[in-house]
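Have the structure open in your viewer. This tour moves from ring to ring, telling you what to select next.

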Amino acid sequence: MILNNCDRLIVALDYTNLNDVKKIVTSIGDKVNVYKVGLELFLNTRGEAIDYLHSLNKKVFLDLKFHDIPNTTAMASLFAIKEKVFMFNVHCSIGVTAMEKVVTTIKTSNSNSLCIGVTVLTSFSDKEIMEQFKTSLNASELATHLAVQSKNAGLNGVVCSPIEAKKIKNLCGNDFYTICPGVRPSFASVDDQKRIMTPKDAIKNGADFLVIGRPITKSHDPIKAIDLIINEIEEGLLLC
Ligand code: C5P
């Protein structure tokens with residue numbers, strides 16, 4: 001797949017109802033092509049947000065982070081495939097067997113949906129990772145390890161922090177996508193994200209797609225926030 005520069009910004013629609021979604025998506029117009037539908041929006045709209053975005057020819061990143069045994073995860077993936085989403089994700093920690101089963105399901109369905117592995121949540125600090133998982137790896141090292149496993153299982157890319165994006169692309173190849181939350185422009189607050197970078201630095205550091213929510217959706221001027229972020233993305237691309 002050739003990466004369109006106008007697809008690089010994915011706006012996370014973390015809302016509880018479709019009216020708020022319609023308001024912001026309408027006001028953003030052609031500036032953004034890809035939207036993230038996560039658990040909050042998917043559950044509260046009973047999935048209706050997907051149909052709404054597709055009716056506007058927008059691409060959907062279905063961020064439900066499947067995490068279950070191989071058969072259940074593959075069956076859940078069939079839902080994403082059937083909905084023809086642009087991309088959906090599974091936790092890498094479901095293991096290689098389960099990831100391979102999802103990849104087989106996609107292939108036998110002749111689907112174009114990209115399956116992305118979630119490595120380490122960007123809200124985890126190194127200290128929390130080491131304590132939670134009783135590992136000596138820091139967050140970036142663990143994310144890189146999981147990325148290599150998911151590449152070997154046939155996934156199309158990973159959700160990771162921009163901090164490890166370049167390393168992951170070097171190890172897994174340029175066509176293995178890095179989808180990066182934990183992006184904070186200098187004008188925005190950090191919120192609960194811990195491992196963060198600015199949009200410009202994230203792109204420079206190997207991020208293919210930036211998933212950004214609150215710096216846009218909680219801004220008093222979301223359009224201005226988007227314009228500033230797109231400028232930063234363009235600046236970052238010049239430095240790649
Ligand atoms: O508001 P904010 O920009 O922090 O939103 C980031 C989005 O990316 C959220 O919707 C969150 O669920 C998602 N995400 C994340 N870290 C991951 C995977 C997804 O923050 N590892």
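Select F79. F79 is partly exposed, at 28% relative accessible area; partly exposed lies between buried (under 20%) and exposed (over 50%), using a 1.4 Å probe and protein chains only. This is a predicted model, where local features need pLDDT of at least 70, side-chain atom pairs count only at pLDDT 80 or more, and totals for chains, interfaces and linings use all residues. Residues are numbered from 1 along each chain as its sequence is written, and side-chain values use heavy atoms, without hydrogens and water.

Now look for aromatic pairs. The structure holds five. Rings of Phe, Tyr and Trp (its six-membered ring) pair if their centres lie within 6.5 Å; planes under 30 degrees apart are stacked, over 60 edge-to-face, the rest tilted.

F42 sits in helix α2 (residues 39–44) and F79 in helix α4 (residues 70–82), so the pair ties together parts 37 residues apart in sequence. Helices here are DSSP runs (H or I, at least four residues), and strands are too (E, at least two), numbered from the N terminus. F42 is buried, at 16%.

Next, select F86 and F209. Their ring centres lie 6.1 Å apart with planes at 70 degrees, so they also pair edge-to-face. F86 is in the loop between α4 and β4 (87–91) and F209 in strand β8 (residues 209–212), so the pair ties together parts 123 residues apart in sequence. F86 is buried at 12%. F209 is buried at 0%.

F86, Y177 and F209 form one aromatic cluster.
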